[in-house]
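Look at the structure below and follow the chain from its overall division down to single residues. The text takes the domains, then a pair of helices, then some annotated positions.

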Amino acid sequence: MKIAVFPGDGIGPEVTRQALRVLEALDLPGLTLFEGDVGGIAYRRHGHPLPAETLEMARAADAVLFGAVGDPACDGLERHLRPEQAILGLRAQLGLFANLRPATTFAGLETMSALRPEVAAAIDLLIVRELNGDVYFGDKGTRTLDDGQRQGWDMMAYAEGEVRRIAHIAFRAAQGRKGRLVSVDKANVLETSQLWRDVVNAVAADYPDVTLEHMYVDNAAMQLVREPGRFDVIVTGNLFGDILSDQASMCVGSIGLLASASLGERATDFGTFGLYEPIHGSAPDIAGQGRANPMATILSAAMMLRHSFGREADAARIESAVARALADGVRGGDLGGDAGTAAIGDAVLERL
Ligand code: ATP
Ligand code: MG
């Protein structure tokens, strides 16, 4: 079990430290950790936010645990030297095409949501977003029309293979959850979406134990705030997933609690290579004060055990320790409480 650990900037190192304490407490067989520099710290030490040796370390590992990047001191740098380029570069270089974002309302935190507490209480869903295709990567440009106005375009395109591989990930995720998958598209208008729907239907034949439903993206956006409890797993393309995953996090409402995984195609001995990170950023406003909530990073480590190492029981153990800490009233500053970073780590460890 080789894990490359990239703590990064701001609160990244503080929250990553607590996630490592939790991993180490599990006594995992053959656990080996390598630490590398990414982001602003890497720029200062090596002149680049994603040094070659960091990328090599990621390639040699089974999984990457990533803290956060972002450093106000780097704001004036050219775009390719900015800390944020490190995560974009890692996703591209490692072929991480599947972004998984669970959104679950923890018991006792229903009032943090932008939704009514009783609606928020029912949220326990996972968004599987395709990350390497769609309008973000299609042909794009601007031109001047005959009448003199400028026109811009971005081509939306998906190849069958791109849809197939993300569909498999989503169906497998649904098998490990409540067995329900909603595929989100705009097949009434878009050719890309019709192809998406055809491929998802074909892949469904391999997963008779999963119930598949198709939903148009406008309806999905509405259902996410109206009745989010109806969703288990949602699979969608890059653009729709970008929007819906932020919408879903707001429905849960607590930035310090939400984890994510970005998976590639490479198989490890026990699962799939992936990069795991909290959805929050480097939070420079509270960095170095020991006040950051490490739960999102701890939950990201749980996702790592599930997807890259096939250790579902250990993942569930971590998740339930976090849930019990929250139920017992352990609250970081992001939740209006006063528990510090290390104290939250202690509270999770005690309940492991
Ligand atoms: P970035 O550009 O790196 O994403 P950002 O400023 O857009 O940075 P965050 O870094 O996620 O976004 O911070 C948003 C706010 O949430 C900040 O006020 C920050 O202090 C707070 N915050 C983020 N993560 C945590 C955390 N783990 N614990 C406590 N507060 C947090
Ligand atoms: Mg941000």
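How far apart do the C-alpha centres of domain 1 and domain 2 lie? In this predicted model, the distance between these two centres is 25 Å. The domain assignment gives residues 1–96 + 259–352 to domain 1 and residues 110–252 to domain 2.

Seven residues from domain 1 and five residues from domain 2 take part in the contact. On the side of domain 1 that touches domain 2, strand β11, residues 259–267, gives the most, with three residues. That side of domain 1 consists of four nonpolar residues, one polar residue and two charged residues.

Now turn to a pair of helices. Helix α8 covers residues 217–226, and helix α9 covers residues 238–252. Their axes come within 10 Å of each other and cross at roughly 10°. An angle under 35 degrees counts as roughly parallel, and therefore α8 and α9 are roughly parallel to each other.

Which residues of α8 and α9 meet? From α8 come Val217, Ala220, Ala221, Leu224 and Val225, and from α9 come Phe240, Leu244, Gln247, Ala248 and Cys251. Of the residues in this contact, nine are nonpolar, one is polar and none is charged.

The last topic is a set of annotated positions. In an unreviewed UniProt entry, the annotation "binding site" covers Arg91, Arg101, Arg129 and Asp218. These positions are spread over 128 residues of sequence, and they are also spread in space, with up to 28.0 Å between C-alpha atoms.

Two of the annotated residues can be followed further. Arg101 is in strand β4, which runs over residues 98–104. Is Arg101 buried or exposed? A residue counts as buried if 20 or more other C-beta atoms lie within 10 Å of its own. Arg101 has 23 C-beta neighbours inside 10 Å, so Arg101 counts as buried. Leaving aside residues up to four places away in sequence, Arg101 touches Ile127, Ser245, Leu258, Ser260 and Ile279.

Asp218 lies in helix α8, the helix that was seen above beside α9. Asp218 counts as exposed because it has 12 C-beta neighbours inside 10 Å.

Methods
Residues are numbered from 1 along each chain as its sequence is written. Chains are lettered from A and ligands numbered from 1 in the order in which they are written. This is a predicted model: local features need pLDDT of at least 70, side-chain atom pairs count only at pLDDT 80 or more; totals for chains, interfaces and linings use all residues. Axes are lines fitted to C-alpha atoms, for helices over the stretch in contact, and angles run from 0 to 180 degrees between N-to-C directions. Helices (H or I, at least four residues) and strands (E, at least two) are DSSP runs, numbered from the N terminus. Angles under 35 degrees count as roughly parallel, over 145 as roughly antiparallel, 65 to 115 as roughly perpendicular and the rest as oblique. Two residues are in contact if their C-beta atoms, placed from the backbone, lie within 7 Å. Ala, Val, Leu, Ile, Met, Phe, Trp, Tyr, Cys and Pro count as nonpolar, Asp, Glu, Lys and Arg as charged, and the others, Gly among them, as polar. Domain bounds come from an automatic or database domain assignment. UniProt positions are given in the numbering used here, feature names are shortened, and annotations may be inferred rather than shown by experiment.
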